[in-house]
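Here is a short report on selected contacts in one protein model. Keep the sequence and the 3D view open while reading.

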Amino acid sequence: MKFAKNLLAAGLSVAALFVGQSANAISYGTDVSSSDYQDWIVHIKVTNASGGYNVCGGALVGTKYILTAAHCVGDIVNSSPRTYNYFVDQDADNTITVTNAVSASDTDHSYDRTYSITELGDTDTMYAAYDSVYTALSADVDSSLQLSEASESDFNIYANRDLVLLTLNEEVPHSTQAILTPMIDVDSASANVPYGADITVQGWGANEDGSLQDTLQVTTEQNDMFQKTVSKVFGETNSGDEVDCAVGTADDCTLWYRDYVEISANSTTGALALSGDSGTPLVYNGRYIGNLSTVSTTENYNTFTFLDYYMDQIRDAINSVVYPTSVDHAVSSGSTSTFTISVPVQNFTSSSVALYPSLSTDSGVISAGIGGTCEGATLSTEEGCTVTITVDSDNTAITSAQTATLSLNDDNDTTIPISVSIASTSNSSSDSSDSGSSGGGSFGIWSLLFMAVPALRRFKSNK
């Protein structure tokens with residue numbers, strides 16, 4: 001059965017209900033544990049035009065870039081087409097406080113920086129990306145179906161453009177990263193995020209009682225992004241039945257021409273993003289797929305800006321290969337457990353990049369086997385992969401910190417520090433010791449196996 005049939009829209013008007021100076025955090029969520037927290041998800045505070053500040057979330061990309069909602073750093077001027085008057089253009093200070101910790105008040109992981117803004121809402125570039133999605137999907141639609149393409153003027157009117165890239169004056173240390181992933185894989189004309197899938201939503205903002213949360217909250221919401229419009233995605237229902245667009249209206253069979261989609265509140269808990277944390281990234285299956293934008297409490301759904309139509313502009317602004325500044329894994333003293341360390345890498349240059357990852361250590365006692373798609377792989381523009389290091393202590397207790405260096409062996413001779421640290425007894429994120437492990441001694445042998453998870457398909461635009 002063909003999967004791509006109609007990524008559709010019926011022109012639903014989404015209410016952009018912003019609460020206070022920022023929107024979207026979690027009601028009926030749960031605390032994120034330190035072991036589950038990913039430090040590429042950041043809490044940001046910026047000075048607004050009135051002299052106060054806006055609090056939002058964001059996604060740290062590489063070491064010096066943050067993707068967040070445009071309304072977090074500016075005022076909405078027009079709604080159709082959407083434009084913004086940024087605070088820095090209203091003589092506001094361009095300082096930003098970035099915190100990458102479970103607690104928003106964690107001063108040990110808080111960094112004061114300055115920022116500049118790269119707008120990402122260029123209509124021509126976005127519509128070219130839209131056209132490439134349409135071309136990919138329509139090529140996989142039976143000739144009897146009537147998949148239509150919206151005009152550039154309609155796209156210009158209805159796109160929210162609620163996404164900006166902030167460039168920091170200095171890097172922010174981080175040990176995790178997620179690969180930016182479009183909703184639609186144009187190579188296979190399929191969805192990277194299936195209909196009905198659970199999407200992870202996080203935020204530091206208001207809970208159901210209206211109280212701002214210091215501890216990052218998490219919940220899941222459902223990707224019924226087309227249920228409120230045509231209740232179908234790619235011409236398939238939940239049961240997999242195909243839908244014939246020829247029997248629908250013209251609007252029913254028009255490729256969705258907005259840059260945001262809807263996700264419904266958690267059907268079990270009623271969890272919904274509320275006031276206090278727009279811009280926080282959404283995650284599906286470990287992939288970064290977009291940023292929270294608006295909330296409708298009356299209809300019980302959020303909207304988020306997906307990345308498909310912004311990828312080329314993000315690439316041009318960053319123009320480098322991105323990866324964590326360093327990667328650390330904490331273990332309990334005496335641990336002999338086997339564990340993995342993941343290192344995502346994504347190519348945001350306009351050219352292909354060849355990778356030949358290898359590992360070295362000062363002690364010279366590490367043996368490594370390397371395989372998978374990252375080894376000797378050529379990453380196309382906007383493509384990413386994850387190097388996974390499997391560490392086996394060979395039943396030797398780990399009692400002191402160990403370091404190594406991951407070399408990508410690319411044209412820039414990129415190196416990434418890798419470390420295994422000894423966690424404090426209160427650190428719940430560490431690996432526990434295996435029973436019967438030998439005591440004493442140093443971490444003499446890492447048995448390392450490099451594996452690369454299948455590279456995420458890049459989003460391609462017609463040039």
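## Salt bridges

A salt bridge here means a side-chain nitrogen of Lys or Arg within 4 Å of a carboxyl oxygen of Asp or Glu. Side chains of opposite charge can pair when their charged atoms come close. The model is predicted. The structure holds 3 salt bridges. Asp312, Arg315, Asp316 and Glu382 are linked in a network of such bridges.

Take the partners of arginine 315 in turn. With aspartate 312, the N to O distance is 3.5 Å. With aspartate 316, the closest N and O atoms are 3.0 Å apart. With glutamate 382, the closest N and O atoms are 3.2 Å apart. Arginine 315 lies in helix α3, while glutamate 382 sits in the loop between β26 (377-379) and β27 (384-392), so this pair ties together parts that are 67 residues apart in sequence.

## Spacing and burial in the network

Why are aspartate 312 and arginine 315 separated by about one helical turn? They are 3 residues apart in helix α3, which covers residues 311-318. An α-helix has 3.6 residues a turn, so residues three or four places apart point the same way.

Which members of the network are buried, and which are exposed? The cut-offs are under 20% relative accessible area for buried and over 50% for exposed. Arginine 315 counts as buried because its relative accessibility is 8%. Aspartate 312 is buried too, and so is glutamate 382. Aspartate 316 has 51% relative accessibility, so this residue counts as exposed.

## Helix α3

How many of the 8 residues of α3 are buried? The count is 6, and the helix is mostly covered. The buried residues are Met311, Asp312, Gln313, Ile314, Arg315 and Ile318. Just after α3 comes asparagine 319, with a positive phi of about 50°.

## The disulfide

A search of the whole structure finds 1 disulfide. Cysteine 56 is joined to cysteine 72, with an S to S distance of 2.1 Å. The angle about the S-S bond is -95°, and the link is left-handed. Cysteine 56 lies in strand β4 (residues 53-61) and cysteine 72 in the loop between β5 and β6, so the pair ties together parts that are 16 residues apart in sequence.

Are the two cysteines buried or exposed? Cysteine 56 is buried, at a relative accessible area of 1%. Cysteine 72 is buried as well, at 0%.

## Histidine 71

Histidine 71 is found in the loop between β5 (65-68) and β6 (74-79). Its relative accessibility is 6%, so histidine 71 counts as buried. What does the side chain of histidine 71 make a polar contact with? The partner is the side chain of serine 278, at 2.8 Å.

## The β6-β7 hairpin

Strands β6 and β7 run antiparallel and are joined by 5 bridges. A hairpin of 2 residues connects β6 to β7. Aspartate 75 stands opposite asparagine 85 in β7.

Strand β7 spans residues 82-86 and has two faces. Arg82, Tyr84 and Tyr86 make up the covered face. Thr83 and Asn85 make up the uncovered face. Asparagine 85, opposite aspartate 75, therefore belongs to the uncovered face, since the cut-off for buried is under 20% relative accessible area.

Note on methods. Residues are numbered from 1 along each chain as its sequence is written. This is a predicted model: local features need pLDDT of at least 70, side-chain atom pairs count only at pLDDT 80 or more; totals for chains, interfaces and linings use all residues. Side-chain values use heavy atoms; hydrogens and water are left out. Helices (H or I, at least four residues) and strands (E, at least two) are DSSP runs, numbered from the N terminus. Buried means under 20% relative accessible area, exposed over 50%, partly exposed in between (1.4 Å probe, protein chains only). A polar contact is a pair of N or O atoms within 3.5 Å; within protein, one must be able to donate a hydrogen and the other to accept it, and residues adjacent in sequence count only if both atoms are side-chain atoms. Two strands pair if DSSP finds at least two bridges between them. A disulfide is a pair of cysteine sulfur atoms within 2.5 Å.
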